[in-house]
Amino acid sequence: MTHYQNLAYEVADGIAAITVQRPDKLNALDAATIAELGEAMRRVRESDDVRGVIITGSGSKAFVAGADIAELAAMGSIEGVAVSRLGQRVFREIELSPKPVIAAVNGFALGGGCELALACHLRVAADSAHFGLPEVKLGIIPGYGGTLRLPRLVGRGRALELILSGEMIDAAEAHRIGLVNRVVAPEALLQATRELLLTILRNGPTAIALAIECVTRGMDMSLDDGLALESNLFGLLASTGDMREGMKAFLEKRQAEFKGE
Ligand code: COA
């Protein structure tokens, strides 16, 4: 059993709930916490009893209020590159996880916190949540993939407005521009996120994993290369017991029982 200093990691009903726990710093991500997130994702990958992940922040005020500014304040150029690459690597692992990952955004999701939510496959927000990329107010730019993932999600104009102004938007506006999938009352956040994930987990796990791969890698390919990837993975699924079970269950008018094989 791995012990984390700044994370809680709990598994129930096939879902690993990862909670960033630095409440006195509004769950700001220092290097140690980012490394722990990477370790937690390794554990998710290797645990057969985990089929999906929820990432959230402790307390009701913040999801993650950004990278730890006190730690960043002392960096020089070489450290700056290393800091950015560590965060990028861990967030990319989240984005490429074959097991679906949903951010339950319970408060401020700023800077690296907004980028963490962007790296997740889906985002559910409390109506009290706020989003923003305020890095330019500190004289830097987003360094954990925000300049790439935000325009892919909401379009270049909206992304540039958020990145250049550094201003926050509330959950309703985040929903309007497609930055979050759902907005719910704060007290319903974890349950709503869990229900969305359980809906996904009722489907064939290999199909889910390959759908994530097609969408995530396909976004960065030419249409022709993406279509080739899609047809190859579609063909791969035709060799699975899950495909046979899914289609047989439909024809027999019953729920499919997927085994991930
Ligand atoms: N890094 C380090 N510490 C942070 C932090 C961050 N990103 N965000 C908040 N904290 C710390 C504060 O320094 C404060 O610590 P202290 O009690 O030891 O002084 C504590 O968390 C509480 O934050 P505080 O600013 O007092 O809360 P607030 O309610 O007045 O404001 C925010 C909340 C989120 C608006 C404000 O904390 C903020 O702007 N944070 C920075 C956001 C940011 O720029 N993120 C991008 C980083 S690259």
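A salt bridge is taken here as a side-chain nitrogen of Lys or Arg within 4 Å of a carboxyl oxygen of Asp or Glu. By this rule, the side chains of R152 and D220 form a salt bridge, with an N to O distance of 2.8 Å. The model is predicted, and local features need pLDDT of at least 70, side-chain atom pairs count only at pLDDT 80 or more, and totals for chains, interfaces and linings use all residues. Residues are numbered from 1 along each chain as its sequence is written, and side-chain values use heavy atoms, with hydrogens and water left out.

The chain is divided into domain 1 (7-201) and domain 2 (205-251), with bounds that come from an automatic or database domain assignment. Taken over C-alpha atoms, the centres of domain 1 and domain 2 are 27 Å apart. Domain 1 gives 10 residues to the contact and domain 2 gives 7 residues, where contact means heavy atoms within 4.5 Å.

Between domain 1 and domain 2, about 710 Å² is buried, and carbon and sulfur atoms give 64% of that area. Buried area is the accessible area (1.4 Å probe) that two parts lose on being put together, summed over both. In domain 1, the residues that lose the most area to domain 2 are L96, P98 and R152, which together make up 52% of what that side buries.

Across the interface of domain 1 and domain 2, the rule finds 1 salt bridge. It also finds 1 residue pair in polar contact across this interface, both residues being at pLDDT 80 or more. A polar contact is a pair of N or O atoms within 3.5 Å; within protein, one must be able to donate a hydrogen and the other to accept it, and residues adjacent in sequence count only if both atoms are side-chain atoms.

Around the ligand there are 16 residues, of which K25, K61, A65, A67 and I69 come nearest; a residue is near if one of its heavy atoms lies within 4 Å of the molecule. A backbone N or O atom of I69 is 2.9 Å from a nitrogen atom of the ligand. For A65, a polar backbone atom lies 3.0 Å from a ligand nitrogen atom. An oxygen atom of the ligand is 3.4 Å from a backbone N or O atom of D24.
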